[in-house]
Amino acid sequence: MKYDFDQVHERRGTSSLKWDALESRYGDKDLLPLWVADMDFKPPAEVVESVVKRAQHGIYGYPAMPGDYFAAAADWITKHHLWQIKPEWIVHTPGVVIALNVIIQRFSAPGDGVIIQEPVYYPFMSSVTNNERKILNNQLLFDGKKYRVDFDDFEKKAAAPEAKLFLFCSPHNPSSRVWTADELNRMADICLRHNLLIVSDEIHSDLIFPGFRHTPIASISPQIAERTITCYAPSKTFNLPGLESSFVVISSDELRAAMKKQITANALGANIFGPLAHTTAYRHGEDWLAQVMKYIEANYLFTKTFFENELPSVKVIEPEGTYLLWLDFRSYNLSASALRQKLRKEARCALNEGDMFGSGGEGFARLNIACPRSILALGLARIKEAFA
Ligand SMILES: Cc1ncc(COP(=O)(O)O)c(C=O)c1O
């Protein structure tokens, strides 16, 4: 089936965070929403059909996991990421951010240190601080084009007596880095030597641009896998975040039992639609994903050409994966609040302003390009008008 991603769907009035929460989040309901990681596209037709069919059944009792839930995800990961996982290593979680919080609660204690790499997806910071743990920021290095890991600093942070966990964003949001096997090896080696647990959030791992390859950090060796909890979800890949279904992969029996215990302690369950959509998407969504990635890549090239020709003071950091572009506005020398004002009041666009990603995010903004080209073009024209 050929999908038409140019089609604009009316999302206002659907209780959409992206479209209906602009007033509460940005103070203006009429901004053009190019923020939160949620696509303006319908998921694979088979997913919609399976959810509609289930909804029409009309009885919404307590759910059981679809029989194929675990094998569908294991087969997908084995095929797409060349990591041979067993279905029994999979544990359902109702969202990756929830999983990160549960992991922090179970595998560290208040006051312990958690390594993160700023600028980074903002719940990485809040999940550490909300649980009274301490952020150990292994700040990413930026040479104006590409982000890299500061391995010397990583070693120092890992050696700190309070360091317990490494919360890893792979691929990295918002820098869009897809880490190389060599980088992964070096980070894992440091973690193993200092006995840190690796928590690898690989939610964006299916959204990779041509020329790059995602490697699950746990796939490098069984020793690394034994010290790693990997978080996945079909929600970014197939645009299903409102169905709140994700999972973790844990090869260590001991860590998996502890994780299950904490999930039960937090009384977390599943709903009837999320696991069903998960199973359908992993079994039938491959062709849709190939088509949507082509469209997103074309949107990236469109955006890159736009800025190069129309507004060269804004630099687009070349994405290796994800549908989130990291834009460098630093040549304007604006404070974080002045950049925010200009984007909101003059460009009339809602982007994720860079300072929310922590240290190193000031002067940047994150643009979501998983939308019809007409919406993207409108947003870019508005940004040009405000900044030219
Ligand atoms: C790196 C990363 N992890 C997790 C999430 C959110 O996952 P969930 O909706 O399953 O909590 C996002 C969403 O943007 C993300 O970028």
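How many of the five residues of strand 8 (residues 197-201) are buried? Five of the five are, so strand 8 is largely enclosed by the rest of the structure. The views below come from a predicted model.

**View 1. Strand 8 is covered on both faces.** On one side, L197, V199 and D201 are buried.

**View 2. A β-α-β unit is formed by strand 7, helix 8 and strand 8.** The unit is right-handed, and its helix spans residues 181-193.

**View 3. An open sheet of seven strands has the order 2-10-9-8-7-3-4.** The pairing in this sheet is mixed. Strand 2 (90-93) and strand 4 (134-137) stand at the edges; each has a single partner strand, so one side of each is left without a neighbour in the sheet. On average, neighbouring strands of the sheet are turned by 25° against each other, direction ignored.

**View 4. Strand 9 and strand 10 pair in the antiparallel sense.** Three bridges join strand 9 to strand 10 (residues 246-249). T230 stands opposite V249, a residue of strand 10.

**View 5. Helix 6 lies across strands 3, 4, 7 and 8, and helix 8 touches strands 7 and 8.** Helix 6 covers residues 123-130, and strand 3 covers 113-116. The helix 6 direction runs at about 155° to strand 7. Helix 8 packs on the sheet, and its direction makes about 165° with that of strand 7.

**View 6. Four strands form an open sheet in the order 11-12-15-14.** Pairing in this sheet is antiparallel. At its edges stand strand 11 (315-316) and strand 14 (352-353), each with a single partner strand, so one side of each has no neighbour in the sheet.

**View 7. Strand 12 and strand 15 run antiparallel.** Strand 12 (residues 324-328) is joined to strand 15 (residues 364-368) by five bridges. L367 in strand 15 is the bridge partner of L325.

Key: Residues numbered from 1 in each chain as written. Predicted model: local features only at pLDDT ≥ 70, side-chain atom pairs only at ≥ 80, totals over all residues. Heavy atoms only, no water. Buried < 20%, exposed > 50% of the residue type's maximum accessible area, 1.4 Å probe, protein only. Helix = DSSP H or I, 4+ residues; strand = E, 2+ residues; numbered from the N terminus. Right-handed = clockwise from strand over helix to strand, strands pointing away. Pairing = 2+ DSSP bridges. Axes fitted to C-alpha atoms, helices over the stretch in contact; angles between N-to-C directions. Contact = heavy atoms within 4.5 Å.
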